[in-house]
Amino acid sequence: MKKICILGGGTAGWMTACLMAKHWLNRHADSPTEKVQITLIESDKVPSVGVGEGSTPQLKKLFDTLDISEQEWMPVCHATYKNGIRFVDWSTRAGFKQYFHPFPTQVDDHTVPGFFHNSFLIRKGIDLNAHPDHFFLTTHLAKQNKAPISAANFPFEVNYGYHFDAAKVARILKSKAQQLGVTVASATIEHVEQDIAGNINQLFAQDGQTFSADYFVDCSGFQSLLLQQSLAVPFQLFANNLFNDKAVVLSVPRNKQQPLMSQTISTALKHGWMWQIPLQHRTGFGYVYSSGYTNAEQAERELRIRLNIEASDISARHINMRVGQVDKHWYKNCVAIGLSQGFIEPLEATALHIVQEGIEGFIDALSKGGFSNQLQAEYNQQMTARFNAIRDYIVAHYKLNTRSDTLYWRDNAANQNLSDSLQHILKTWFSGQNLSDELTRQQIDKYYPSVSWHCLLAGYGHFPEKSQLIEGNDFAKQYSIDKIQQFIHACGLNYPSQAQTLGM
Ligand SMILES: Cc1cc2nc3c(=O)[nH]c(=O)nc-3n(C[C@H](O)[C@H](O)[C@H](O)COP(=O)(O)OP(=O)(O)OC[C@H]3O[C@@H](n4cnc5c(N)ncnc54)[C@H](O)[C@@H]3O)c2cc1C
């Protein structure tokens with residue numbers, strides 16, 4: 001009997017409990033020799049971070065794995081479908097004040113070659129249309145407030161994410177974890193005991209309860225009670241290239257006169273950016289900013305002015321963010337999952353995606369052979385590489401901005417603290433070389449694919465100035481924008497609106 005103890009009942013804790021239970025408790029129920037016992041400790045005294053309302057397409061895989069249907073969870077969690085993220089006001093270049101980062105679909109195979117072709121040749125000085133917004137089905141669906149769920153006669157795969165009430169998702173996952181056989185304990189841990197080899201032995205709660213296990217999963221959020229506080233694993237801040245360390249969040253009731261959106265909107269403000277996330281009954285807003293450039297009061301005022309709710313009594317919540325990652329995600333008999341292992345600010349809503357990958361990787365490693373040094377080292381190397389690759393993609397959003405209105409944006413554009421990997425990517429783009437080849441060479445296209453990097457770089461309009469371009473009529477014929485647009489439009493006819501799909 002192996003005992004696993006998960007500390008923390010936030011989203012990361014419940015996701016871990018569900019996936020581990022699904023993997024071990026179900027499968028080995030009749031096999032006493034391989035039985036695993038999983039306990040999750042939750043506390044009503046320590047609050048969860050309580051944000052995190054947007055996902056990548058990975059979350060669908062979680063619900064599918066747990067056999068929780070959309071009909072079951074989406075209405076309860078006020079969830080909506082998400083086609084991707086619209087970036088507004090990050091670039092000041094004419095024609096590029098906004099662009100969409102789409103989730104991929106099967107029909108992209110027909111349109112991406114034209115996008116890559118045009119964005120390659122325009123960097124060689126040929127005047128072609130390479131704005132990403134013209135090439136993707138999910139961009140079109142988002143513009144039309146359509147859900148990415150097609151009629152049955154249009155059987156092409158579309159990857160999509162969700163927007164949801166995070167607290168309600170955690171409740172659904174808790175109930176699933178209990179159904180799958182996870183034991184839930186209510187306790188606030190105040191002391192951690194280690195054995196002579198440094199492994200965690202036992203957790204002691206305020207009320208006298210004790211918890212022993214073979215393996216511990218630290219899902220205790222930013223405070224990282226086990227991995228960072230007890231096992232003293234160091235934390236590397238990303239502060240020298242990701243300046244944001246605070247957020248102020250609020251939500252307003254949904255305006256039923258407006259169509260229900262199927263995209264997240266990320267708008268650059270004076271000292272950071274604001275998310276706008278549509279749920280069925282309300283819209284969530286959050287201003288993610290840097291305390292080095294503004295303070296909580298000014299940030300909240302800027303957000304309220306922006307939303308035209310200065311006089312309203314809608315309350316706002318202020319959140320500290322610790323942006324960076326631990327040196328080792330798995331150390332001794334403890335693995336950290338969620339905010340306890342690190343956090344990259346929420347610009348691309350990747351945190352839950354990383355949680356999922358982290359749990360699956362850990363389950364895989366344990367199933368292969370327990371706590372061998374080699375498996376642990378491989379796991380740590382993979383998690384670190386994932387964090388670094390996602391960080392670089394986020395850093396590029398700031399580095400490439402062309403705003404000059406505040407010191408915050410000018411400092412971001414001037415920032416030279418870039419990883420070698422990111423420097424090579426930018427050099428490849430600006431010297432007109434093949435970006436896909438560079439990403440493959442660096443083996444980082446599994447984290448963000450070439451399409452995402454192209455959307456970002458082309459979406460900001462980082463091309464030679466119009467006056468330097470020569471006419472590209474002959475090249476334009478090869479991939480006619482009109483034909484691509486007609487094709488996307490025709491595909492889009494197979495998709496109903498978000499509101500219709502959700503029966504609202
Ligand atoms: C501003 C902001 C915006 C975000 N937006 C997104 C987004 O759009 N998409 C996305 O994927 N992610 C987002 N995230 C990240 C997301 O919120 C987290 O990844 C997710 O909620 C998981 O958090 P967690 O479970 O690790 O931590 P928490 O939610 O903080 O949970 C920690 C848990 O540990 C428990 N705990 C702590 N100490 C003890 C103790 N001593 N004894 C017992 N229990 C204890 C607490 O009770 C709590 O339940 C965002 C984060 C922030 C800060």
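Helices (H or I, at least four residues) and strands (E, at least two) are taken as DSSP runs and are numbered from the N terminus. The model is predicted, and local features need pLDDT of at least 70, side-chain atom pairs count only at pLDDT 80 or more, and totals for chains, interfaces and linings use all residues. Residues are numbered from 1 along each chain as its sequence is written, and side-chain values use heavy atoms, with hydrogens and water left out.

Leu426 belongs to helix α12 (residues 420-430). Its relative accessibility is 9%, so Leu426 counts as buried; the term buried stands for under 20% relative accessible area, exposed for over 50%, and partly exposed for values in between (1.4 Å probe, protein chains only). Residues up to four places away in sequence not being counted, Leu426 touches Lys399, Leu400, Leu418 and Leu457, where contact means heavy atoms within 4.5 Å. Phe222 is 204 residues from Leu426 in sequence, and the two C-alpha atoms are 32 Å apart in space.

The ligand has 31 residues around it, of which Val46, Ser48, Val51, Gly54 and Leu339 come nearest. A residue is taken as near a molecule or strand if one of its heavy atoms lies within 4 Å of it. Polar contacts are pairs of N or O atoms within 3.5 Å; within protein, one atom must be able to donate a hydrogen and the other to accept it, and residues adjacent in sequence count only if both atoms are side-chain atoms. In the side chain of Ser48, an N or O atom is 2.8 Å from an oxygen atom of the ligand. For Val51, a backbone N or O atom lies 2.7 Å from a ligand oxygen atom. A nitrogen atom of the ligand is 2.9 Å from a backbone N or O atom of Ile189. On its own the ligand has 1,000 Å² of accessible area, and the protein covers 96% of this; accessible areas come from the Shrake-Rupley method with a 1.4 Å probe, and for residues only the protein chains shown count as cover. Two or more residues of the shell around the ligand come from each of the elements α1 (11-26) and α9 (351-369).

A salt bridge is defined as a side-chain nitrogen of Lys or Arg within 4 Å of a carboxyl oxygen of Asp or Glu. By this rule the structure has 17 salt bridges. One of them joins the side chains of Glu53 and Arg282, with an N to O distance of 3.1 Å. Glu53 is in the loop between β2 (36-42) and α2 (58-65), and Arg282 is in strand β17 (residues 282-289), so the pair ties together parts that are 229 residues apart in sequence. Glu53 counts as buried because its relative accessibility is 13%, and Arg282 counts as buried at 15%. Both residues take part in a network of salt bridges that links Glu53, Asp165, Lys168 and Arg282.

In another salt bridge, the closest N and O atoms of Arg301 and Glu297 are 3.5 Å apart. These two residues are 4 residues apart in helix α8 (residues 296-307), so about one helical turn separates them. Arg301 is partly exposed at 45% relative accessibility, whereas Glu297 is exposed at 58%. The side chains of Asp405 and Arg403 also form a salt bridge (2.6 Å, N to O). Asp405 is partly exposed, with a relative accessibility of 43%, while Arg403 is buried, with a relative accessible area of 13%.

Arg254 is placed in the loop between β14 (246-253) and β15 (264-269). Arg254 is buried but has no salt bridge, and the nearest side chain of opposite charge, Glu53, is 13 Å away. For charge, Lys and Arg count as positive and Asp and Glu as negative, while His and the chain ends are not counted. A polar atom of the Arg254 side chain lies 3.4 Å from the backbone oxygen of Gln258. Apart from neighbours within four places in sequence, the contacts of Arg254 include Pro259, Leu279, Arg282 and Met504.

Most residues other than glycine have a negative phi. His78 has a positive phi, near 55 degrees, and lies in the loop between α3 (70-73) and β3 (80-82). Ser224 also has a positive phi, of about 40 degrees. Ser224 is in the loop between β12 (215-218) and α7 (225-230) and is buried, with a relative accessible area of 0%.
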